[in-house]
Structure formats: C-alpha cells, structure tokens
Amino acid sequence: MNIGNKLKELRKSEKLTQQALADILKISRVNYTRYEKDQVRSDYETRIKIADFYDVSLDEIFSRKNF
C-alpha cells in the first residue's frame, strides 16, 4: 500500500473529511489532498503530527515491515 492510500485509510477510519484533518494539522486542504494522492510528500513536522494524531508510528504510516 502506498503512503497516500494509508493516509486515506487512517482518515476514513476516524470518519474525518480532508478539510477536518487539514484543520487539525493546521495545513490547507489542498496540501493534505496532495499527500493522499501521492503528489507531494509532507514535511517531517507534518508527518509527526499525523502519526501523533492517529497514535501510530511513522513506520506504520510508511508501511515499514519492522514496526
């Protein structure tokens, strides 16, 4: 699974819209949409915010096998 699909899966599991999650992360919805579409990669700080929000490791988000 690619990163964008993982982000989308996590967001939908929380029943959030892209706008709601973007607001939580304090970024624009357009930028968040680009992350889910794998058009751009988030910066390190945003990645940490996403992992903290979902209470998962960065390894899980980035589909690393040994997490």
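**A walk through the model**

A: Lys15 is exposed, with a relative accessible area of 76%. Please keep in mind throughout that this is a predicted model.

Q: Where does Lys15 lie?
A: Lys15 belongs to the loop that runs between H1 and helix H2, the latter covering residues 18–25.

Q: And what is the phi of Lys15?
A: The phi of Lys15 is positive, at about 55°, although this residue is not a glycine.

Q: Which loop holds Asp38, and what is its phi?
A: Asp38 sits in the loop between H3 and H4, and it too is a non-glycine residue with a positive phi, of about 55°.

Q: Is Asp38 buried, partly exposed or exposed?
A: Asp38 has a relative accessible area of 37%, so it counts as partly exposed.

Q: What does Val40 touch?
A: Leaving out residues up to four places away in sequence, Val40 touches Arg34 and Tyr35.

Q: How far is Gln39 from Phe53?
A: From C-alpha to C-alpha, Gln39 and Phe53 are 22 Å apart in space, and they are 14 residues apart in sequence.

Q: What about Ser42, is it buried or exposed?
A: Ser42, which is found in the loop between H3 and H4, counts as buried because its relative accessibility is 11%, and the cut-off for buried is under 20%.

Q: Which residues is Ser42 in contact with?
A: Once its neighbours within four places in sequence are set aside, Ser42 is in contact with Tyr35 and Arg47. As for distances, the C-alpha atoms of Ser42 and Asn31 are separated by 8.4 Å, the two residues being 11 apart along the chain.

Q: Where is Asn31, and how accessible is it?
A: Asn31 lies in helix H3 and counts as partly exposed, at 30% relative accessibility.

Q: OK, switching to helix packing. How do H1 and H3 cross?
A: The axes of helix H1, residues 3–13, and helix H3, residues 29–36, come within 7 Å and cross at roughly 120°. H1 and H3 are therefore oblique to each other, because an angle of 65 to 115 degrees would be needed for roughly perpendicular.

Q: Which residues meet there?
A: On the H1 side Gly4, Asn5, Leu7, Lys8 and Arg11 take part, and they meet Tyr32, Tyr35 and Glu36 of H3. Sorted by class, this contact of H1 with H3 has three nonpolar, two polar and three charged residues.

Q: And how do H2 and H3 cross?
A: Here the axes come within 8 Å, and the crossing angle is roughly 110°. That makes H2 roughly perpendicular to H3.

Q: Which residues of H2 and H3 meet?
A: From H2 there are Gln18, Gln19, Leu21, Ala22 and Leu25, which meet Arg29, Tyr32, Thr33 and Glu36 in H3. The residues of this contact of H2 with H3 divide into four nonpolar, three polar and two charged.

Q: Which residues line the largest cavity?
A: Its lining is made up of Ile3, Leu7, Ser42, Arg47, Ile50, Ile61 and Phe62. The elements that give two or more residues to this lining are H1 and helix H4, residues 44–54.

Q: How does that lining divide by class?
A: The residues lining the largest cavity divide into five nonpolar, one polar and one charged. Ser42 and Arg47, which are in contact with each other, are both among the lining residues.

Notes:
Residues are numbered from 1 along each chain as its sequence is written. This is a predicted model: local features need pLDDT of at least 70, side-chain atom pairs count only at pLDDT 80 or more; totals for chains, interfaces and linings use all residues. Side-chain values use heavy atoms; hydrogens and water are left out. Axes are lines fitted to C-alpha atoms, for helices over the stretch in contact, and angles run from 0 to 180 degrees between N-to-C directions. Helices (H or I, at least four residues) and strands (E, at least two) are DSSP runs, numbered from the N terminus. Angles under 35 degrees count as roughly parallel, over 145 as roughly antiparallel, 65 to 115 as roughly perpendicular and the rest as oblique. Contact means heavy atoms within 4.5 Å. Ala, Val, Leu, Ile, Met, Phe, Trp, Tyr, Cys and Pro count as nonpolar, Asp, Glu, Lys and Arg as charged, and the others, Gly among them, as polar. On a 1 Å grid over the protein atoms alone, a cavity is a set of points where a 1.4 Å probe fits but cannot get out, and a pocket is an open set with protein on both sides within 12 Å along at least five of seven lines; lining residues have an atom within 4 Å of a point. Buried means under 20% relative accessible area, exposed over 50%, partly exposed in between (1.4 Å probe, protein chains only).
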